[in-house]
Amino acid sequence: MEKKRPQWGSKIGFILAAAGSAVGLGNIWKFPGRAFEGGGGSFLLIYLLIVLFLGAPLMLTELSVGRASQTNIVGTFRRLGHRRFSWVGLIGIGGAFVITCYYCHVGGWVLRYVLGYATEAPKIYADSIDYFYNMLGYHGEGATIFPWVAILFAAIFMTLNAVIIIRGVESGIEKFNKIGMPALFLLLLILLVRAVTLDGSQAGLHYMVSLDWSKVSFDTFLAALGQAFYSLSIGVSIMITYGSYLPRTENIARNTAVVCAMDTLVAILAGFIIVPAVFATLGEQQIGKGGGFAFVSLAKVFEQMPGGTFFGVVFYLLLLFAALSSCMSLVESIVAFLTEHFSWQRKGTTISVCAVMFCIGCLYTCSQAAYPIKGVWFDAANGITFPAFCDFMEFLTDRIMIPVCALGCCIFVGWVWKPEKAIAEIEQNGIRFGLARTYSILVKYVAPLAILTILVMSFATGSTLS
Ligand code: PHE
């Protein structure tokens, strides 16, 4: 006999958990860099359109599939009578696995910065680029050492995660997010004011609102698509898992709108803080890799505001909690799948899976600056290339696994299970879904065609990022 599955205690409980999963490092560490690479305003516009027309319908799709089946991601398809779609779930789990490998490392960097601002802020202010790369093993003048600082903090971050999951105190973190999330939002607003009034930031602001189509290609679309899905936590099975814990009385369409809006707002805010700050501190010429943006460029913002060091500690602390709640959702869905599918025991599974993911993630951190570890990539224009391993991991998830899993979900709901069933799932207990017709067109035609075209064309025309 099957155990009764747990359910969210309250409406706000679910929204907090879903928003906790969505709002994370992706919004603050990844988004600004992607927006910069994609041409600022033009990327922003593409991103918003993708969230509206592809991201939101997909989140709704995942939630309704999950709630209808009330089971884990791979079992979902079997339960709904279409076993041959289990591969979609497997890719989702695979994507969650790869993301967690590097997510826990970047989470570790955030932890390092909490401590850094608390104990040695002047050192960060003195040379923020050096500070960041030292953490990653850069030792000045081309010399490098093993990045033990970053790895140590990543190990602490991952341990924290495992302990929370084993003890089942996720709800504690979610409760924390009830205060932490609005606090993060408020702090971002304060930082926004400081960032856009820094000397030299106007050019950055201008960059973020002007449309520069010369930087836009199919690849920009793929980057925006991957980023949007990643940021909303879709295409990796999380929302199916979360949907399966939802009671039938919930209005999932409204919840989707709330979560998408919150997530997107935080990302845009972060973009409007960090890109102008980068222009003000590093100057357009010196802008290198997007990844360090959130760590390097914010130093100037904190340095030049009253109580900046205090705000620095609080900011990274809030980011840490945002990262923890996202990472938990990833680990939780992997563990839920492994324990339900193979009847493995929860504690041992969590520890082993976390240890393996942490170890693979070490390659991610090591390839940032310390060692020339490479991945392999292919597109028709550039042929086979060997990007840094860290980029390779992100490419793999954002540009292949997430879009393919999302595409699988659309095809499943649009053509096999049928949108009518999803709509019936949404419209229960007298709930009316006013956009039902639009939704069915989006999930049946628009989303699969758009995702497929972007995927194929990006690989055919070449990646500008590799
Ligand atoms: N959405 C999270 C973020 O923006 C990352 C994440 C991706 C979490 C996929 C769960 C699943 O940081």
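**View 1. Residues around the ligand.** Among the 15 residues around the ligand in this predicted model, those that come nearest are Ala22, Leu25, Gly26, Tyr103 and Tyr230, a residue being counted if one of its heavy atoms lies within 4 Å of the molecule. By class, this shell has seven nonpolar, eight polar and no charged residues, with Ala, Val, Leu, Ile, Met, Phe, Trp, Tyr, Cys and Pro taken as nonpolar, Asp, Glu, Lys and Arg as charged, and the others, Gly among them, as polar. Residues are numbered from 1 along each chain as its sequence is written, and side-chain values use heavy atoms, without hydrogens and water. Because the model is predicted, local features need pLDDT of at least 70 and side-chain atom pairs count only at pLDDT 80 or more, whereas totals for chains, interfaces and linings use all residues.

View 2. A nitrogen atom of the ligand lies 2.8 Å from a backbone N or O atom of Tyr230, and a ligand oxygen atom is 2.9 Å from a polar backbone atom of Ala22. For Ser233, a polar side-chain atom lies 3.1 Å from a nitrogen atom of the ligand. Taken alone the ligand exposes 320 Å², of which the protein buries 100% (Shrake-Rupley method, 1.4 Å probe).

**View 3. Confidence along the chain.** The chain averages a pLDDT of 89, and 94% of the residues score at least 70, on the predictor's per-residue confidence scale from 0 to 100.

Conventions:
Polar contact = N/O pair within 3.5 Å; in protein donor to acceptor, adjacent residues only side chain to side chain.
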